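Here is a briefing on one structure.

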Amino acid sequence: MDPTFEQRLLHVQNGQQSNQSHILRSPVKGIYSDRFIPARCSTIFQMKFDAKPDDRSQSTAQMNSNQKSNLDSYKDQVAYSCLLKNELLGADIEDVKDHQMDGQKTALIPKETKNFFQYRMTSTSSTHNDLSPYSLSPVGSKSQRLLRSPRKALRKISRIPFKVLDAPELQDDFYLNLVDWSSQNILSVGLGSCVYLWSACTSQVTRLCDLSSEGDTVTSVSWNERGNLISVGTHKGFTQIWDASASAKLSTLLGHQARVGALAWNADMLASGSRDRMIQLRDIRSPSVAAEKKLTGHRQEVCGLKWSPDHQHLASGGNDNKLFIWNMCSVSPIQIYSEHMAAVKAIAWSPHQHGLLASGGGTADKRIRFWNTITGRPLQCVDTGSQVCNLAWSKHSNELVSTHGYSQNQILVWKYPSLVQIAKLTGHTFRVLYLAMSPDGESIVTGAGDETLRFWNVFNKTRSTKDVNSALNLFTRIR
């Protein structure tokens, strides 16, 4: 021990105060070792460990900040963050997918484990092994795939109709079908005892027929597939066939004992549903005015008729809460669905998945149900909260639109099969009882008891390039 230090220590122990102002310090010695021991305080855990992020707090904070108004910059930041994770941490992220849930946009990151810390090997061994030695890119192959991954643009649906037309005397009756849009881009509307035609190209309005002289009113209208003939159902049970271009009546079909509220074309075959609970099939080329085939099964008024895209099956809905499936060979239904608790007017076949049928119930039901008509089994169901009046599938994407009555009078756009609401459109003050789609599949027109027709842009024109893998699609499998 140092003699000077020992002497000062003895003075303090004997109670003697040292006059020197020196601070007691141990002698400084050098630290020598034959191995390196890293200091834990300076370790960067992000280089070897990934802390599990709190997705909910991050997404909520980001959506409540200014990034919600600037989603493009937010996407760029997410892509740049994924690129850094690939190069520095070896995250192996190849794609960034954007999901839209209730108006919130979040970017998917690689699937996390339940552990708080996840050990990961060095990034050089996992990221650059598959990189070609002749590659001129400064980033790895995973990052190259990330940069080449497509950026899906967000589709904005306007909440305001782009056109509104007056429709005086448009009846507020759930069981009627008074609006239809032809393949020639002409809209037909039944107003009281008259049928009017509105050209979407020229906005010209012409009156096709007037049944007031016969003491009759219009209860349904429907165009054929070519768009040159229109069928008109009347309150007295008649079905009239008109040539739209010549404004001439070709024939009047008899057979029903009550009003004809539903019509559906299948090439030259016309199906008509009536309050007399009967469905009649006629070939309009036949000179006979009598029905060729009568389909009986409903116990109350038939209010919905739709042919399948392959023209082989007819779906009918009635006020007896039943949904029937018919084929071309039998006079009795081949399938009966009775899950709905109210009248079934809204019926729509999917143009994308073979055998997929959607149906909607009335005020006491409020549900949209999906059916696999190949196996006869129900698929999915969603409670809309209001009366379902109409359904229509998009021609180019796996989406559908529904119109509603009591009590919200709204128009909803759905994504299938997730059944997520893409948009909610309001504006009608009465039940949205009528729906028709434009021939290009982009716009729809809705009619209500408020005597207005409103035109909306809800769907895309371009067909989705993403393949739909469905068990209902028989053309994607070899049996």
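Buried means under 20% relative accessible area, exposed means over 50%, and partly exposed lies in between (1.4 Å probe, protein chains only). This is a predicted model, in which local features need pLDDT of at least 70 and side-chain atom pairs count only at pLDDT 80 or more, while totals for chains, interfaces and linings use all residues. Residues are numbered from 1 along each chain as its sequence is written, and side-chain values use heavy atoms, with hydrogens and water left out.

**Cysteines**

- C201 is exposed because its relative accessibility is 61%.
- C303 is buried, at a relative accessible area of 0%.
- The structure has zero disulfides, a disulfide being a pair of cysteine sulfur atoms within 2.5 Å.

**Aromatic pairs and a charge over a ring**

- Rings of Phe, Tyr and Trp (its six-membered ring) pair if their centres lie within 6.5 Å; planes under 30 degrees apart are stacked, over 60 edge-to-face, and the rest tilted.
- F162 and F455 make a tilted pair, because their ring centres are 6.0 Å apart and their planes stand at 50°.
- F162 lies in the loop between helix 5 (141-148) and strand 5 (163-166), and F455 in strand 32 (residues 452-457), so this pair ties together parts that are 293 residues apart in sequence.
- Helices (H or I, at least four residues) and strands (E, at least two) are DSSP runs, numbered from the N terminus.
- F162 is partly exposed at 43% relative accessibility, whereas F455 is buried at 1%.
- W198 and F455 also form a tilted pair, at 5.1 Å centre to centre and 45° between the planes.
- W198 lies in strand 8 (residues 194-199) and F455 in strand 32, so the pair ties together parts that are 257 residues apart in sequence.
- Both W198 and F455 are buried.
- Ring pairs join F162, W181, W198 and F455 into a cluster.
- K345 lies over the face of F174, 5.4 Å from the ring centre; the rule asks for NZ of Lys or CZ of Arg within 6 Å of the ring centre and within 35 degrees of the ring normal.

**Second largest pocket**

- The second largest pocket holds about 1,300 Å³ of space.
- Of its 43 lining residues, D180, W181, K306, W307 and M437 are the closest to its centre.
- Strands that each supply at least two lining residues include strand 6 (179-181), strand 18 (302-307) and strand 30 (432-437).
- The lining has 27 nonpolar, 11 polar and five charged residues.
- Classes: Ala, Val, Leu, Ile, Met, Phe, Trp, Tyr, Cys and Pro count as nonpolar, Asp, Glu, Lys and Arg as charged, and the others, Gly among them, as polar.
- On a 1 Å grid over the protein atoms alone, a pocket is an open set of points with protein on both sides within 12 Å along at least five of seven lines, and lining residues have an atom within 4 Å of a point.
- Grid points are joined across faces, edges and corners, and a volume is the space filled by probe spheres set on the points.

**Backbone**

- Most residues other than glycine have a negative phi, and most peptide bonds are trans.
- The peptide bond from Y406 to S407 is cis, with omega near 5°.
- Y416 and P417 are also joined by a cis peptide bond, with omega about 10°.
- S203, not a glycine, has a positive phi of about 60°, and S203 is partly exposed at 40%.
- L419 has a positive phi near 55°, and L419 is buried at 16% relative accessibility.

Conventions
On a 1 Å grid over the protein atoms alone, a cavity is a set of points where a 1.4 Å probe fits but cannot get out, and a pocket is an open set with protein on both sides within 12 Å along at least five of seven lines; lining residues have an atom within 4 Å of a point.
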